[in-house]
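User: I have a structure open and want to check the wording used for it. Please give the cut-off behind each term.

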Amino acid sequence: MAAEDAFAYALSSNQAWAGYKAHQNSDYFPKLASGQSPAILWLGCADSRCPETMILGLQPGDVFVHRNIANIISPTDINTSAVIEYAVRHLKVQHVVLCGHSGCGGAAAALSNDRVGGVLDTWLIPLKAVRNANKEELASIRDEKARAVRIAELNVEAGVKILMANMTIQDAIVERGLQVHGTFFDLGSGRVRDLGFGTAKGGHHNGLPGLAGDEVVRGKHAMLVFRTDGAGMQAR
């Protein structure tokens, strides 16, 4: 499909979608326009195959979103920091979810010794640092796809550590039990896997208390259930 045709198709598809949703529920868009109260802040990759609301089985209004190349969390990135502060302090989300994925172009680039060019080389420096810090483990993995998956997982772990050091997040964990999760989306199966990084595993992380019991985020077609021993989805 040509680029212009793709844009025209997208606009036409939007009209059909909006009409369908309004026909299903006449209050859907007025309610959506009245405000937002999302339960989840999703920090993910800008990859076109990772649309967070869709893969979680949730709906518009359920997830506050920030995505960038290779889901890199940098403490000096004011864009990411602003999103975190607004979502945690003002929207008071219950969960912060950092998600990596298989087939990540940023992960492949970080494993390569070649330059990508332009600002992308600068952006990927934190991921290159993850590679250098885990050089022996990554070198021991012979399969290229498996190696790319592993560095993507390590990138999530590094990102969660930065999130756990964020003062806004730390305050929210102590004051109201905010949960932080490190996850991984497998493109080949469509499944999101909890990597066990963050607040939920073992009840404590970095000296900060975790939550007991289940936290449920309800969408129209499914429920995303966060537990102290992991997260899962239940169809409705």
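This is a predicted model: local features need pLDDT of at least 70, side-chain atom pairs count only at pLDDT 80 or more; totals for chains, interfaces and linings use all residues.

User: What makes Cys45 buried or exposed?

Analyst: Buried means under 20% relative accessible area, exposed over 50%, and partly exposed in between (1.4 Å probe, protein chains only). Cys45 has a relative accessible area of 8%, so Cys45 is buried. Cys104 has 8% and is therefore buried.

User: And why does Asp47 count as buried?

Analyst: Its relative accessibility is 15%, so Asp47 counts as buried. Asp47 lies in the loop between β1 and α3. Leaving aside neighbours within four places in sequence, Asp47 is in contact (heavy atoms within 4.5 Å) with Arg67, His101 and Gly103.

User: Where does Asn155 lie, and what makes it buried or exposed?

Analyst: Asn155 lies in helix α9, residues 144–165. Helices (H or I, at least four residues) and strands (E, at least two) are DSSP runs, numbered from the N terminus. The relative accessible area of Asn155 is 6%, so this residue is buried.

User: What does the side chain of Asn155 reach?

Analyst: The backbone oxygen of Ala70, at 2.9 Å. A polar contact is a pair of N or O atoms within 3.5 Å; within protein, one must be able to donate a hydrogen and the other to accept it, and residues adjacent in sequence count only if both atoms are side-chain atoms.

User: Which residues touch the most other members of the largest nonpolar core?

Analyst: A nonpolar core is a set of buried Ala, Val, Leu, Ile, Met, Phe, Trp, Tyr and Cys residues joined through side-chain atoms within 4.5 Å. Of the 24 residues in the largest one, Leu41, Val96 and Leu163 touch the most other members. Its largest share, five residues, comes from α9. Apart from it lies another core of 13 residues, among them Ala70 and Cys104.

Key:
Residues are numbered from 1 along each chain as its sequence is written. Side-chain values use heavy atoms; hydrogens and water are left out.
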